[in-house]
Amino acid sequence: MSRVRSKDTKPELAVRRLVFGMGCRYRLHDKRLPGRPDLVFRGRRKIVFVNGCFWHGHEGCRYARTPKSREDFWRAKVERNRERDGQNIASLEADGWKVLTVWQCELKDLHVLEGKLHEFLLERA
Ligand SMILES: [Zn+2]
């Protein structure tokens, strides 16, 4: 589903820039892993997903509001995406990966996001 996890979106590029600045090397969109994670840090056994708030149903987020027209259709679609995301994360974690999800809305404060990524990638075991 290319619209759900499209390559090289703006939020993703911003995250890549931050992570690169920390000296962390990663692999992109690894097809062999569930959900084709956006950034894969093999050595650290860590994964970062960069999710659009609407498509991935960011809970309580104002960017994730369902359009008024065809509301049921969108709601069901987003719900399926959320379920699949949850399953992907569960199977990655069962396989020993640590997973961090970055939401599109978090890009509004790059300083905070940088701290979060730094903590996840460099401080957490
Ligand atoms: Zn959001």
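**Note on the predicted model**

1. Glu-79 is partly exposed, with a relative accessibility of 38%; here buried means under 20% relative accessible area, exposed over 50%, and partly exposed in between (1.4 Å probe, protein chains only). Its salt-bridge partner is Arg-82, with 3.6 Å between the closest N and O atoms; a salt bridge is a side-chain nitrogen of Lys or Arg within 4 Å of a carboxyl oxygen of Asp or Glu. Arg-82 is likewise partly exposed, at 30%.

2. Residues are numbered from 1 along each chain as its sequence is written, and side-chain values use heavy atoms, with hydrogens and water left out.

3. The zinc ion is coordinated by Cys-53 (SG), His-58 (ND1), Cys-61 (SG) and Cys-105 (SG) at 2.1 to 2.4 Å. Donors are N, O and S atoms within 2.8 Å of the metal (3.2 Å for Na, K and Ca); water is not among the atoms, so sites may look incomplete. The spacing of the donor residues in sequence is C-x4-H-x2-C-x43-C. Cys-61 belongs to the loop between β3 (46-51) and α2 (71-94), and Cys-105 to the loop between β4 (98-103) and α3 (110-123), so this pair ties together parts 44 residues apart in sequence. Cys-61 is buried at 12% relative accessible area, and Cys-105 is buried at 17%.

4. The 4 donor atoms subtend angles of 101 to 117° around the zinc ion, and the arrangement is therefore tetrahedral; four donors count as such if all angles lie between 85 and 135 degrees.

5. The count of salt bridges comes to 9. Glu-106 pairs with Lys-116, the closest N and O atoms being 2.6 Å apart. This pair links distant parts of the chain, 10 residues apart: Glu-106 is in the loop between β4 and α3, and Lys-116 is in helix α3. Lys-116 is partly exposed, at 30% relative accessibility. Elsewhere, shared partners join Arg-27, Asp-30, Arg-32 and Arg-42 into one network of salt bridges.

6. Arg-32 is exposed at 59% relative accessibility, whereas Asp-30 is buried at 4%.

Methods. Predicted model: local features only at pLDDT ≥ 70, side-chain atom pairs only at ≥ 80, totals over all residues. Tetrahedral: all angles 85-135°; square planar, octahedral: opposite > 155°, others 65-115°. Helix = DSSP H or I, 4+ residues; strand = E, 2+ residues; numbered from the N terminus.
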